[in-house]
Amino acid sequence: MKTRFYYKICYMATLVFVMTSCFNKIDDNIIINGTTATKTKMEEMNVPANFNFSTTGEIKFDIGTFDNTNKPIKGVVVAVYSYPEDKLLLKGITSTNGLIQLNQNIPTYVKKVAIRPDFIGLPSEFIVNVNNNIIKATFGGKNQTIPSELRENNQEKKLNKRSFRSPNETDEDDFSITTLGKWSKTGVPTYLENTRDDISSASLININANLPEHKNVKILNPNFMNSSNKNTLAITEEADVWITFVHEGTNWTNSLGFYTFDLNKHPTKKSEISTVKIIFPNVSYNGSGGGLTSGDKVKIGRFKAGTGIGFVLFAGGFNTSKGEVEKGEYIHYSHDILNIESTGSLRRHLIALNESATNRLLLCFEDRNRQEDETDNDFNDAIFFATSNPVKSISKDDIPNIITKIDNDNDGVADTDDEYPNDANKVVSNYIPAKNAYSSLAFEDLWPSKGDYDMNDLVVNYQFQEVFNANNEIVELNAKVYVKVILAKILNGWGFQMPIAPSLVKSVSGQSLLYKVITNSSNGTESGQDYATIIAFDNAIDQIKSEKSDTLNIKITFNSPIKKSVLGTPPYNPFIFQKNARGNEVHLMNMSPTQKINKTLLGSLNDRSNSGANTFYKSDAKLPWGLNIPENFTYPLEGKEILEGYLFFKNWVQSGGSSNSDWYINKPGYRNATKLSKLK
């Protein structure tokens, strides 16, 4: 490719200049008996004996999802984010026992996480602490987690600015407010029924298939939005009516009320509604700004035949400071004509669905102004069931039926949640570090002699994609890899070793092996290795990224699914090796060399490797030759030690990792930009 050839010519010219300066620097710093005459600033640090320079640590994730009968919910896709940074750390899917139990390495600076199941019937987010390298949370069931805190900007959710006006004031929404009883400071009614309604996992799965999070109902199920569909209750014979809380998924503390009307005369003006009764003053989960649990039930009264019941959602209507219902941001009515949007087709805020198997009517609200850009139109911001006695006293005419879960590949996960709806062997992808991001591996390549600690001899950027099946087993592994920079005289290759036998790998594709340095087995793993070793490239210069197409895309398939606990977390055991001396390997500290290592180099010169003590790639000053940075690394300029550019690196090291574990993040005061590359 012409542009790539031109790029490499320019790069080689630059490399000649840099290498010349490197040679001069190395010549001036003569190696004598494995040490140099002058100590570097890095060597002057007081490094704790057992510190291994790891920026990530292994965490056990133990996450459960249960319905309100305490039965497990299978097939819930759960995402875990760092808090408050909001960086995706892990995605998994609950198994038949309702659990996700995985081990994953995450950045050591992460002390809190936000766990989001995005599943109707479960709280949308819990924020929990990382305790003793364990992240544990239970959504639903009898032992639901009490989160450590609420998201900061939702601590009281969005408080309201307007109170109800008295009837003699001029306002379109003038109606009297009555209540069904008292409630607690958090808005939990004292008039709840003694027994909750059971809401089975099967019912929740069906609801989720119809109203999945962040999916526009008008696109997914357009027939639900027909203007001719009823979204009020029509009482056909005298009946008692109950409203049951199912779910809320919003940043607001909404309030739910109802009004009645004559079925022969639907209201066409707000002034025709004289009274609204509050059902649930605070439609918020316990642990998410309120105190409700799925299945909480309120009897709203006994109604005669011919009565119509409409509903009102006060968006942001509950003032958590006062424990009172106020007017809120908007008031949304069952009757579309009463709602605020200027466009008629956008005025619907409530859809009703018939769940015939349970004789329940599902009431589903969208709480935002539908003309606003941030509205997702998923109609699951607040969800309730309506039931009656006699059971059939509420008309089901002109109310669409809920659709049974669609699972085309029969893997137990609804198509709406399945990233691979037509492949029974694949369900969800977990990206490390994230789908649109890269982590970096930064190496010094003079091992077993020490380098200059600018950690820029070779910087490799990587992103791994783990493809899970419904049992959270890995069926496929994909890696995107490119060389970010080379500032060294030695030509190096790069690869990684996984802790599994080579025979478990079915195939490897996408490598760049051009110089007959590597001998692979037929499945693409390096031959002569006890563990599956994948060599991505044998000469880093060929992998300098000048265009998107220069990124290597490596695909690894397995003969059978592999548990993540067996495979571990990418980048596994990464290393560089000399192009002309395969046995000269450089690994991260305390990561074992492969079977190809030149054993005579271990423990020589500045290296203090000791296989008996399981110590590898630790210098006589207790320093490493490689670092794994869990984000795109801004490497130091040539000859500038890493602690010169990263001002809290030294604190991190000397504290044994307990202080400033986020030293590499670009926060104010964390960097000396004059010592760092400007390359993004």
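**Basis of the values**

Residues are numbered from 1 along each chain as its sequence is written, and side-chain values use heavy atoms, with hydrogens and water left out. Because the model is predicted, local features need pLDDT of at least 70 and side-chain atom pairs count only at pLDDT 80 or more, whereas totals for chains, interfaces and linings use all residues. Helices (H or I, at least four residues) and strands (E, at least two) are DSSP runs, numbered from the N terminus.

**Annotated spans**

UniProt positions are given in the numbering used here, feature names are shortened, and annotations may be inferred rather than shown by experiment. The record assigns "domain: DUF4114" to residues 303-388. In the model, this span is 0% helix and 43% strand, and the C-alpha atoms at its ends are 10 Å apart. The record also places "domain: DUF4842" at residues 472-664. Here the end C-alpha atoms lie 31 Å apart, and the span is 7% helix and 31% strand.

**A four-stranded sheet**

An open, antiparallel sheet contains 4 strands in the order E5-E4-E7-E8; two strands are taken to pair if DSSP finds at least two bridges between them. Its edges are strand E5 (88-93) and strand E8 (126-129), each of which pairs on one side only. From one strand to the next the twist averages 25°, with axes fitted as lines to C-alpha atoms (for helices over the stretch in contact) and angles running from 0 to 180 degrees between N-to-C directions. Within the sheet, strand E4 (residues 77-82) and strand E7 (residues 112-116) run antiparallel and are joined by 4 bridges. Tyr81 stands opposite Ala114 of E7.

**Pocket and cavities**

The search uses a 1 Å grid over the protein atoms alone: a cavity is a set of points where a 1.4 Å probe fits but cannot get out, a pocket is an open set with protein on both sides within 12 Å along at least five of seven lines, and lining residues have an atom within 4 Å of a point. Grid points are joined across faces, edges and corners, and a volume is the space filled by probe spheres set on the points. In the linings, Ala, Val, Leu, Ile, Met, Phe, Trp, Tyr, Cys and Pro count as nonpolar, Asp, Glu, Lys and Arg as charged, and the others, Gly among them, as polar.

| Space | Volume | Lining composition |
|---|---|---|
| Largest pocket | about 980 Å³ | 28 nonpolar, 17 polar, 3 charged residues |
| Largest cavity | about 60 Å³ | 5 nonpolar, 3 polar, 3 charged residues |
| Second largest cavity | about 40 Å³ | 4 nonpolar, 3 polar, 1 charged residues |

The largest pocket has 48 lining residues, and those nearest its centre are Thr56, Asn105, Pro570, Pro571 and Asn628. Two or more lining residues come from each of strand E3 (56-65), E5, strand E6 (99-107), strand E23 (428-432) and strand E33 (626-629). E6 gives the most, with 4 residues.

Across the whole structure, 2 cavities of 30 Å³ or more are found. Residues lining the largest cavity include Lys74, Gly75, Val76, Phe119, Ile205, Lys405 and Asp417. The second largest cavity is lined by Asp445, Trp447, Asn492, Ile576, Phe577, Gln578, Asn584 and Val586. Strand E31 (573-578) and strand E32 (581-587) each supply at least two residues of this lining, and the largest share, 3 residues, comes from E31.

**Local geometry**

One joins Pro570 and Pro571, with omega about 10°; Pro571 lies in the loop between helix H4 (564-567) and E31. Both prolines are also among the residues nearest the centre of the largest pocket. Another cis bond joins Asn389 and Pro390, with omega about 5°, and Pro390 is in the loop between strand E22 (382-389) and E23. The loop between E22 and E23 also holds Asn410, a residue other than glycine whose phi is positive, near 55°.

**Aromatic pairs**

Rings of Phe, Tyr and Trp (its six-membered ring) pair if their centres lie within 6.5 Å; planes under 30 degrees apart count as stacked, over 60 as edge-to-face and the rest as tilted. The count comes to 32 aromatic pairs. One of them, Phe258 with Phe303, is edge-to-face, at 6.1 Å centre to centre and 85° between the planes. This pair links distant parts of the chain, 45 residues apart: Phe258 is in strand E13 (residues 255-262) and Phe303 in strand E15 (residues 297-303).
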